[in-house]
Every structure is written in structure tokens, then in C-alpha cells.
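The sequence and structure are shown first, and selected features follow by topic.

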Amino acid sequence: MKIIQSDYIYTPLGYQENLAVAFTDTIKEIATLDTLKSKYPQAEVIETAANSVLYPGFINTHVHLEFSANKTSLKYGSFMPWLDSVIEHREDLVGDCDNTVMMGECEAMMRSGVTTFGAISSFGNELEVCEKAPQRVVFYNELIGSNAQYADMLYGDFMERVKASQSCDKASLIIPAIAIHSPYSVHPIILQKAVNVAKQYKLPLSAHFLESQAEREWLEKGEGELKSFFKKYFNTEVPVTNIQEFMYAFDTYPTHFTHCVQANKVELEYLAQKGHTIAHCPRSNRYLGVGRLPIEILKDLGLKYSVATDGLSSNDSLNILDELRAGLMLHHQAPIEKLAHSFIESITSNAADILGLNNGRIAVGKLADFAVVTLPEVPKREEEIALWTVLHTKEVSQVFVDGEKVL
Ligand code: BEZ
Ligand code: FE2
């Protein structure tokens, strides 16, 4: 048994003072330090610095580790030039991204307090690193391929990767999962098969959806910038699906849709009605010039969102607190304290609910994943702790995963 105490604890009831948490791999009890010490006299007591806040470990629901080598290769500013640059540099970037580079980024995420991340994997190359990483990893095996001719082969390869992630050792903290690349890049037949696999094994399911104006125009009219892309690389001029057909394919299984910046209110309402959720990636959206997700309407629609980093293919770091700070700037019209609270919720309890994990909250019975944030001085008003956490924390001071100290 271990006991950790800090000046504040972020609980489902808000920030609470003068409490401590007793835990093994799960949270056993929350009470005053004296109470816990007398109840568990053998427990190791973990100190935290003054002005520390104990958070449930942060959760980054959407990241692509395989693009971790990108710094100045990919073109930012607008979606299609970026996608063209991905095609041009993909091989070099994936080649340059070895296990050391990827592990470095897992550790960078950890220093920002991330104890769980959702890794989108196109080829399965990241599995070894994700098994060794200190965090829990929702390992999203990605299905891609719009060409019917190659669909069976691509689906076969995808299923091999799914099986490999299902047979990882329990100690690796790998959670197998499925990702659909996007409506324009996955043939509807294999899409439906993959959704059925997710349903059969109850695996987390995710898909990029309505990221850019180009995607919307292609799916709606078979026109726009994606038209010449498909002509050039795939010798086709018609999209394999449309917005409605793609959305309806997920009707019976809650899915985590990434981006949705180009979704209209009717589509967002539909996603909410079916119990789906959104991964919101502020910096990626800004760097690719695709628009702003209107997060201010999501609450009224009952649509849950997480803030996530996406990969270094469209970002400058995988630090989740960098992402939240950028989000505060992107959503400049929103009341800042309320937004900071919503963001903290989005990377803790919301993200855990989205991924179906028993963490993300400091409450008895939850998994013992924690991030300790140390504020530079005493917060003068409790209602501002979320904001000061986001603004002042570049790196957290301690991290625990599954009850073990990893930082
Ligand atoms: C496709 O298979 O259709 C595809 C793959 C990568 C990017 C875009 C489309
Ligand atoms: Fe992504």
C-alpha cells in the first residue's frame, strides 16, 4: 500500500484540500493523512512539494507515433498541400522514426502527465515501443484502403495486426483497438467488417472524420482538391462513400471521431444521438488550416470531447499541456476559467469514459494512475486551479501508472 498527499486533489467533486489517497494498483481509500496512516501503518508515504495538485493521470486519446521524426518535412497551412507532402515524405519519415525516437516521445508525453494514450498505428511498427512504454496504450490498429482490388489483402494485414495487439502480455498495459483511417480512404465493405470486429471483441473504435473542407467537398460532390489527388494516385474520380453512409456505418457502436471541424450542426447532433464522441486536436487543426471545432455547442448537444495532440505530422510537441494552452488561444471567445475546467475534464474523466477505461478519476476503485502538478505559488482562488495548472505547467513533478511511480 502507498499513501500520497498533496495540497489539493482533483476529485469528481472538485478540488479538495487536506486529503490523501491510499492505493495499490487501484485507489483504496481517500481520507485525511492521519486517518490513512493509522489505518495502514505499513504503507509507504509519498510526499509532494508545496502547492501540488494530485490529478488522475492525463489521457491523450489520439496520437500517431510513427510520424515522430517530422520537424520540417511536412507542409503546414492548408490540408491538401499537407497531404501531398505526407505522400512525398512518408517513407523517409517512417524510416527515420525508430524505436528510440518513438520511446523519446512516449517519455515526453509522460513528463506532461500522460499516463494513457491512444496510438493510431498504420503498420504495427509501434507495438514493441508501446509494450515497453510506461503508460497504458490503447493500440488503435488502423484500417486504410479505398481500392476494392486490394481491399481483401489490406483487411487481412489489418486483422493480423489486430491479433498481434490482442496477444500482448497483460503487464504491457496494451489495450487492443481499431481505427478507420477516414471516409475517403477506406472502402465501405472492409469498413463494415472492421466495425463488426470492434463490436465482437468490444474494442475501442476511432475514425478521422470531416477534418477538412476538401474532404467534405469530395464526399458531398466528388469535387474539389481531393479529386486530382485521387486521379493522380488511385486513378479514380468517384468517392467510395458519402458523409451519411459513412456515419451510419457506426450507428450501433460508440466511436471516437477525430477532428469533425467541418461537421455541421445536424451531423454533430447525429453523432451525439448515437453516443459517439470527438477527439479535438487544436494545434493540428490550426497548423493544417482546417477550421475550428465549435466546442461551445458540444455540451448542449450532449457530445463528449477529449483534447488530443494528434501526431508530430501535424504538431510541434506531444505535450498535452502545450495542447491545452493552444486550445485556450484557439477558442479565444470562450470564458477562460470555464474552458480550462472543461479541458482538464476532457483529458481525465471524459477521456476515460470515451476509451472505456477505469481511470481518469480520483475515486475509490479506480486505477491508480496519477499526475502531480506543482503550482509555482499558492493559488489564491480555488476556482482558478484548473487555469493555473494549464498555464504554468510545462512538465509535471511526479507520475504513477498502475500504482507504480514512473517519474
Ligand atoms: C486510400 O487508400 O484511398 C488512401 C490512402 C492514403 C491517403 C488517402 C487515400
Ligand atoms: Fe490523426
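Asn 51 lies in the loop between strand 4 (44-46) and strand 5 (52-56). The model is a predicted one. The points below cover backbone features, a metal site, a helix pair and a serine in a helix.

**Residues with positive phi**

- Asn 51 has a positive phi of about 65°, although it is not a glycine.
- With a relative accessible area of 13%, Asn 51 falls under the 20% limit and is therefore buried.
- Lys 202, also not a glycine, has a positive phi of about 55°.
- The position of Lys 202 is the loop between helix 6 and strand 10 (205-209).
- Lys 202 has a relative accessible area of 70%, which is over 50%, so this residue counts as exposed.

**The iron site**

- The iron ion (ligand 2) is coordinated by His 62 (NE2), His 64 (NE2), His 208 (NE2) and Asp 310 (OD), at 2.1 to 2.4 Å.
- Along the sequence, the spacing of these donor residues is H-x1-H-x143-H-x101-D.
- Within this site, His 64 and Asp 310 link distant parts of the chain, being 246 residues apart.
- His 64 belongs to the loop between strand 6 (58-63) and helix 2 (79-96), whereas Asp 310 belongs to the loop between strand 13 (304-307) and helix 13 (320-330).
- Both His 64 and Asp 310 are buried.
- The four donor atoms around the iron ion (ligand 2) subtend angles of 85 to 171°. A tetrahedral assignment would need all angles to lie between 85 and 135 degrees, and the arrangement is irregular because of the angles that the donors subtend.

**Packing of helix 5 and helix 6**

- Helix 5 (residues 148-166) packs with helix 6 (residues 188-201) at an angle of about 20°, and their axes are 11 Å apart. Because angles under 35 degrees count as roughly parallel, helix 5 is described as roughly parallel to helix 6.
- The crossing of helix 5 past helix 6 is right-handed.
- On the helix 5 side, the contacting residues are Ala 151, Tyr 155, Phe 158, Met 159 and Gln 166.
- Their counterparts in helix 6 are Ile 190, Lys 193, Ala 194, Val 197 and Tyr 201.

**Ser 346**

- Ser 346 is part of helix 14 (residues 336-346).
- A relative accessible area of 0% makes Ser 346 buried.
- Leaving aside residues up to four places away in sequence, Ser 346 touches Tyr 305, Ser 306, Val 307 and Ala 351.

Key. Residues are numbered from 1 along each chain as its sequence is written. Chains are lettered from A and ligands numbered from 1 in the order in which they are written. This is a predicted model: local features need pLDDT of at least 70, side-chain atom pairs count only at pLDDT 80 or more; totals for chains, interfaces and linings use all residues. Side-chain values use heavy atoms; hydrogens and water are left out. Donors are N, O and S atoms within 2.8 Å of the metal (3.2 Å for Na, K and Ca); water is not among the atoms, so sites may look incomplete. Four donors count as tetrahedral if all angles lie between 85 and 135 degrees; four count as square planar and six as octahedral if opposite donors are over 155 degrees apart and all others between 65 and 115; anything else is irregular. Helices (H or I, at least four residues) and strands (E, at least two) are DSSP runs, numbered from the N terminus. Buried means under 20% relative accessible area, exposed over 50%, partly exposed in between (1.4 Å probe, protein chains only). Axes are lines fitted to C-alpha atoms, for helices over the stretch in contact, and angles run from 0 to 180 degrees between N-to-C directions. Angles under 35 degrees count as roughly parallel, over 145 as roughly antiparallel, 65 to 115 as roughly perpendicular and the rest as oblique. A crossing is left-handed if the near helix is turned anticlockwise from the far one by less than a right angle, and right-handed if clockwise. Contact means heavy atoms within 4.5 Å.
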